[in-house]
Amino acid sequence: MTTQHRRSVRERRDFLKCCAAGTLGLQPALALAAEVKGAGMHAPRRAHFPPKATNLIVVFLTGGFSHVDTFDPKPRLLKEHGKKVLNRELRDTSDKPFYLIGSPFKFTARGKSGLAVSELFPRLGDQADELCVIRTLHTDILEHFQATLAMHTGSATLPMPSLGSWLSYGLGTLNKNLPPYVVLAEHMPYAGAQVWDCGFLPAQHQGVRVVPGNEPIPDLRSPARSVTLQELEQIMLRDVNAMHAGDRPRDSRLRARSQSFETARGMMRQAPEVFDIAAETDATLKTYGLPRGDDKSFAWQCLIARRLVERGVRAVELIDTGSNNNWDAHGDMQEHRPKARRVDRAVAALLADLKQRGLLQQTLVAICTEFGRTPWGAAPTDKGRSHHARAFTCLLAGAGVKGGITYGTTDDHGIGIASDPCHVHDYHATILHLMGIDHTKLTYRYSGRDFRLTDVSGRVLKPVLA
């Protein structure tokens, strides 16, 4: 036996010996140390008070859907179509003349509550009595990138941890074999992966992006040819990682990476079943408008959101389109029609499905966008609308929310807020409250300062609470 061969044999024996020792000693100790230092993610954490909702689903309609064409009807805007007004649009620094543009879409009273819903959302209108329409959202910046960032992280300027990451950090997970925060995004949104980033929070709270298609999460299937080989592979990797982490006890990113491997192993067992909808009934698929074999449409994404929540995923977000071909209707408001058709039936089916299964009692659904659209144009013949951040509409539904109501009012033309404003921080504070979290107490010490999702403001919208 050559010297090189003897060295190779000895190294393999040492490696296997370390694996055995690590399985019984190092790994549990490190896992406990990570828990003590706040890096653990396997156990649900105690909320500040009894939560109304244990899970959150966010439906983000990218590009800025128009409030005056969807959920905030303005008869006077239609009546005074073409009338000149002074206002500021997008990057204007001073007032200049514009022309009021009435909505081309018909509104009708829906449900027992008589909630006004545009013809763009006939199926969602069927769920009117579950919807809380907040008509007075406002944000600080009129650009897509920054406004999208603000709706997700509370900050329009500096990238901060996202809402889903804060929930993962504050509440933990309900299923250690699946990520606590999942984002279904066929295309990259404005601001890219910063939308679901964990920022300075421990890395295990990062959102996991799922790309609709035949392999939603790459590399879930192990290349190992048998269960025995696969288990040996996992033990070896786990213990080598544990040894490596033991030499670097202050590296929180390393602990998070090790924990991510634990989650990945669980995902290999459970995630394929989550994304396999073969067992869903024909009736369920018909409700969503989902043909068998479809693994990419927004209807498929909505059904997967229900299946993820059903299995204990804390926060799920659906991003309907990316930074192109979205709701940004500068040229013609009729562009809203195909965008609405893509999501209307599926979102309505998601609400109905959650309710039918008793999951809506524990799931909060937020339907939102980054800003609204101007009630005016540059000429009386304009058909499109520009960005508008002073007043726009977002919705809540489900656990702890009054259904069939509106919150706040805008003026007769939908330009400004007449009563009960709701800043993005207020929207986030209300969501956290419904999840059992006092938004002022969910903080993380970083670089000498305590940070939180709502920065230094935010208030809970108590009138919308059931």
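**Close-up views of a predicted model**

**View 1. Contact of helix H4 with helix H11.** In H4, Ala-150, Met-151, His-152 and Thr-153 meet Val-424, Tyr-427 and His-428 of H11, contact being heavy atoms within 4.5 Å. Helices (H or I, at least four residues) and strands (E, at least two) are DSSP runs numbered from the N terminus. This contact has four nonpolar, three polar and no charged residues; Ala, Val, Leu, Ile, Met, Phe, Trp, Tyr, Cys and Pro count as nonpolar, Asp, Glu, Lys and Arg as charged, and the others, Gly among them, as polar. The model is predicted, local features needing pLDDT of at least 70 and side-chain atom pairs pLDDT 80 or more, while totals for chains, interfaces and linings use all residues. Residues are numbered from 1 along each chain as its sequence is written, and side-chain values use heavy atoms, without hydrogens and water.

**View 2. Axes of H4 and H11.** The two axes come within 9 Å and cross at roughly 30°; axes are lines fitted to C-alpha atoms, for helices over the stretch in contact, with angles from 0 to 180 degrees between N-to-C directions. H4 and H11 are therefore roughly parallel, a term for angles under 35 degrees.

**View 3. Packing of helix H9 on helix H10.** H9 (residues 298-310) and H10 (residues 336-356) pack at about 20°, with axes 8 Å apart. These two helices are therefore also roughly parallel to each other. Phe-298, Cys-302 and Arg-306 are among the H9 residues in the contact, and H10 contributes residues including Val-343, Leu-350 and Asp-353. The contact residues of H9 with H10 comprise nine nonpolar, one polar and three charged.

**View 4. The largest cavity.** The largest cavity has a volume of about 140 Å³. A cavity is a set of points on a 1 Å grid over the protein atoms alone where a 1.4 Å probe fits but cannot get out, and lining residues have an atom within 4 Å of a point. Of its 18 lining residues, Val-58, Met-151, His-152, Leu-163 and Glu-317 are the closest to the centre. The lining has 13 nonpolar, four polar and one charged residues.

Key
Parallel < 35°, antiparallel > 145°, perpendicular 65-115°, else oblique. 1 Å grid on protein atoms, 1.4 Å probe; cavity = no way out; pocket = protein on both sides within 12 Å on 5 of 7 lines; lining within 4 Å. Points joined across faces, edges and corners; volume = space filled by probe spheres on them.
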